[in-house]
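Biologist: I am new to this structure and would like to go through it with you. Could you put it up, please?

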Amino acid sequence: MIDSFLAVFKISLKAIFANKMRAALTSLGIIIGVAAVITVLAVGSATKKSIADRFSNMGTNIIFLRQPWDLDESISSPKDVTMDDVVAIREVEGVSAAAPYIQTSFDVKYKNTSVSLSALATDTDIFKAYDWSVDKGRSFTEKEIASYAQVMVIGATAAQTIFGDVDPLNKTVVLSNIPFTVVGVTKKTGSSGFGFNIDEGALIPYTTGKVKLNSGWQSSNRRALDRVVIKVEDFNKIENTKVDIQNTVRNTHHIHPLGKDDFQLDDFASFVEQAKSTATTMSLFLGIIGAVSLIVGGIGVMNIMLVSVTERTREIGIRMAIGATSWNIRLQFLVESVTLSCMGGLIGIVLGVIFTLFVAKYMSLSAQLSVWAIVVSAGFSAATGIFFGYYPAYKASKLTPIDALRYE
Amino acid sequence: MSLIDTRDLYKIYQVGDVEVKALNGVSIAIEKGEFVAVMGPSGSGKSTFMNILGCLDKPTCGTYILDGIDVTATDLSKLAGVRNRKIGFVFQGFNLIKRTTAIENVELPMIYNHTPAAQRHKKAMEALEAVGLAQRAYHLPNQLSGGQQQRVAIARSLVCDAPIIFADEPTGNLDTKMSIEVMDLFTRLNKEMGKTIILITHEPDIAQYATRLIKFKDGQKMSDEIQTPTAAKPASMEGL
Ligand SMILES: Nc1ncnc2c1ncn2[C@@H]1O[C@H](COP(=O)(O)OP(=O)(O)OP(=O)(O)O)[C@@H](O)[C@H]1O
Ligand SMILES: [Mg+2]
């Protein structure tokens with residue numbers, strides 16, 4: 001039985017290799033289809049992962065509180081976001097950190113160097129919110145914050161740029177003519193966060209930033225913060241926690257129960273989901289193109305198999321005359337079409353892998369070659385061979401011996 | 001019981017509104033070990049008759065008993081095993097598969113009865129030896145002469161030990177010398193291996209090799225006589 005199957009397989013290979021050019025052209029559709037499907041799936045999942053990575057740097061369990069940029073005109077006396085909100089939010093259950101957030105940029109002067117730097121006016125909760133840590137020195141103290149101290153915690157890369165090999169601790173740098181003492185250096189995070197890159201930036205107490213540097217959008221209001229960065233403990237409960245925060249802030253802002261919010265809470269969960277779903281839609285779309293090309297390739301296989309059956313009608317007659325059953329004939333043509341499409345599939349897989357590595361290299365995505373995609377495309381090309389080879393094989397097997405033998 | 005027994009075989013083709021009676025009531029019985037030559041004018045129904053005997057075609061009506069099996073009652077597609085084990089075919093146009101070597105052609109019937117590869121090779125080689133072509137085993141059909149191709153086809157018809165060989169004008173495409181080679185081979189198969197041979201021919205010389213001569217005309221049996229094969233020489237493989 002195995003011997004006979006091997007023999008049938010050998011016959012099929014011979015038939016295919018008797019027409020190399022034709023076999024190559026027929027497989028082309030399958031090759032392109034499989035290569036496309038593999039590349040698209042790999043690049044698609046790499047894109048998704050890179051989106052997820054980028055957002056997970058600042059955490060998907062982060063909520064921003066801020067005043068809306070397009071504040072509803074019907075709100076008569078909107079309140080700014082202040083430390084009162086921060087303090088109240090810290091009491092909300094499920095909140096693990098809440099930090100004031102005012103972003104500015106300055107020219108930082110140290111001796112003869114002057115570097116433009118992004119600075120965050122904040123307090124120590126920012127470390128908890130963003131999982132940053134101090135590598136050298138220390139963070140601000142409560143006292144320093146309360147006393148508008150001119151102290152700074154600097155990012156690792158920024159420290160390197162400004163100080164080179166010199167130890168930055170206790171050195172004095174000048175921001176807008178105000179001297180600041182460097183009290184700490186943060187540990188390198190190695191990733192560019194969203195909006196603010198700590199590695200290349202610096203942290204100062206929000207009080208100092210607000211009062212002495214006059215930073216923030218609402219510079220007229222010395223208490224106004226740009227935002228509050230809130231970290232929730234459990235991503236899965238973010239929606240509930242958000243509602244609690246909303247109620248808390250409504251309370252501190254003394255909003256009437258029927259009044260509208262004069263603030264907004266943004267979280268990234270929905271943003272990340274949307275970015276991911278865009279990437280999914282993209283890969284789905286491209287995947288469909290690949291699948292269509294596989295189907296077109298399959299039709300090509302079917303076409304060639306039909307031609308082959310017609311061309312070899314006499315051969316079918318001979319085989320039947322010497323004892324081939326309908327099943328033998330069907331098997332032979334099926335094996336032929338499956339072999340044809342699997343060869344296409346194999347070449348397609350190789351091309352797809354090469355293409356993925358190429359794309360990954362030039363688009364600096366981490367290549368996500370999934371074994372799954374390869375197995376599926378291999379299976380799919382075999383299935384294409386069976387599906388599109390079945391009709392020609394069936395047609396061949398239904399010939400009567402004499403009609404097949406007499407065929408000219 | 002006869003090996004081959006046909007009763008009132010009819011084969012009627014409808015071509016447009018013309019009815020062609022290719023066989024018009026043929027009843028013939030052939031015993032095991034006979035060497036039958038079938039002659040008759042072109043279009044008299046010889047090939048039609050043989051194709052029915054060889055289970056390649058069905059009669060319109062009538063019965064055909066082959067070795068005790070009522071073939072007319074069985075679907076053609078179910079007769080693959082019968083064709084494989086009981087019948088060997090030799091055609092005028094050789095009907096070898098062109099892409100494959102002589103030995104692969106001879107092995108083919110054994111692929112369909114699941115003979116293990118080693119045994120397949122051995123038996124195919126033996127059959128090729130029997131027809132004197134062992135040294136041409138790995139040649140492709142188009143590298144062989146007509147007579148050699150026909151001998152490969154005969155080897156193929158032998159290889160499953162089928163008791164019956166049907167040959168439709170096996171020498172039709174061969175010159176006299178090659179025809180003699182092939183006919184000597186048939187004689188040998190008949191005499192030494194006891195094969196029942198039914199052979200169609202247009203040439204009286206060829207028909208002389210047979211032990212029985214049936215003549216067809218207009219789809220009917222005209223005559224049916226036992227004869228002494230005059231042309232049959234003492235069979236000898238050395239002459240091949
Ligand atoms: N498929 C077919 N359709 C219609 N008519 C057919 C078909 N096959 C054979 N015939 C007719 O049946 C008759 C017998 O044909 P057959 O082939 O048996 O003749 P034959 O005796 O073998 O002739 P030849 O010696 O030329 O080979 C012929 O008249 C032929 O035209
Ligand atoms: Mg004929």
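Biologist: Which residue in β3(B) is the bridge partner of Asp5(B)?

Modeller: The partner is Ala29(B). Before we go on, this is a predicted model, in which local features need pLDDT of at least 70, side-chain atom pairs count only at pLDDT 80 or more, and totals for chains, interfaces and linings use all residues. Residues are numbered from 1 along each chain as its sequence is written, chains are lettered from A and ligands numbered from 1 in the order in which they are written, and side-chain values use heavy atoms, with hydrogens and water left out.

Biologist: How many bridges join β1(B) to β3(B)?

Modeller: Two bridges join them, and the strands run antiparallel. Strands (E, at least two residues) and helices (H or I, at least four) are DSSP runs numbered from the N terminus, and two strands pair if DSSP finds at least two bridges between them.

Biologist: What stands opposite Asp5(B) in β5(B)?

Modeller: Ile65(B) does. The pairing of β1(B) with β5(B), residues 61-66, is antiparallel and has five bridges.

Biologist: And how many bridges join β1(B) to β2(B)?

Modeller: Seven, again in an antiparallel arrangement. One of the bridges pairs Tyr13(B) with Val20(B). These two strands form a hairpin with two residues between them, and Gly16(B) in the turn has a positive phi of about 60 degrees.

Biologist: Changing topic, where does ligand 1 lie?

Modeller: Ligand 1 lies between chains A and B. There are 15 residues around ligand 1, and Ser42(B), Gly43(B), Lys46(B), Ser47(B) and Thr48(B) come nearest. A residue is counted there if one of its heavy atoms lies within 4 Å of the ligand.

Biologist: How far from an oxygen atom of ligand 1 is the polar side-chain atom of Ser42(B)?

Modeller: The distance is 2.4 Å. For Thr48(B) it is 2.4 Å, and for Lys46(B) it is 2.8 Å.

Biologist: How much of ligand 1 does the protein bury?

Modeller: The protein buries 66% of the 630 Å² that ligand 1 exposes when taken alone. Accessible areas come from the Shrake-Rupley method with a 1.4 Å probe.

Biologist: Which element gives the largest share of the shell around ligand 1?

Modeller: That is α1(B), with three residues. By class, the shell has five nonpolar, seven polar and three charged residues. Here Asp, Glu, Lys and Arg count as charged, Ala, Val, Leu, Ile, Met, Phe, Trp, Tyr, Cys and Pro as nonpolar, and the others, Gly among them, as polar.

Biologist: What about pockets: what volume has the largest pocket?

Modeller: Its volume is about 470 Å³. On a 1 Å grid over the protein atoms alone, a pocket is an open set of points where a 1.4 Å probe fits, with protein on both sides within 12 Å along at least five of seven lines, and lining residues have an atom within 4 Å of a point. The volume is the space filled by probe spheres set on the points, which are joined across faces, edges and corners.

Biologist: Which residues are closest to its centre?

Modeller: Of the 26 lining residues, they are Glu311(A), Arg312(A), Glu315(A), Lys98(B) and Arg99(B). The most lining residues, four, come from α9(A).

Biologist: And which element gives the most to the lining of the second largest pocket?

Modeller: There α13(A) does, with three residues. That pocket holds about 360 Å³ of space.

Key: Polar contact = N/O pair within 3.5 Å; in protein donor to acceptor, adjacent residues only side chain to side chain.
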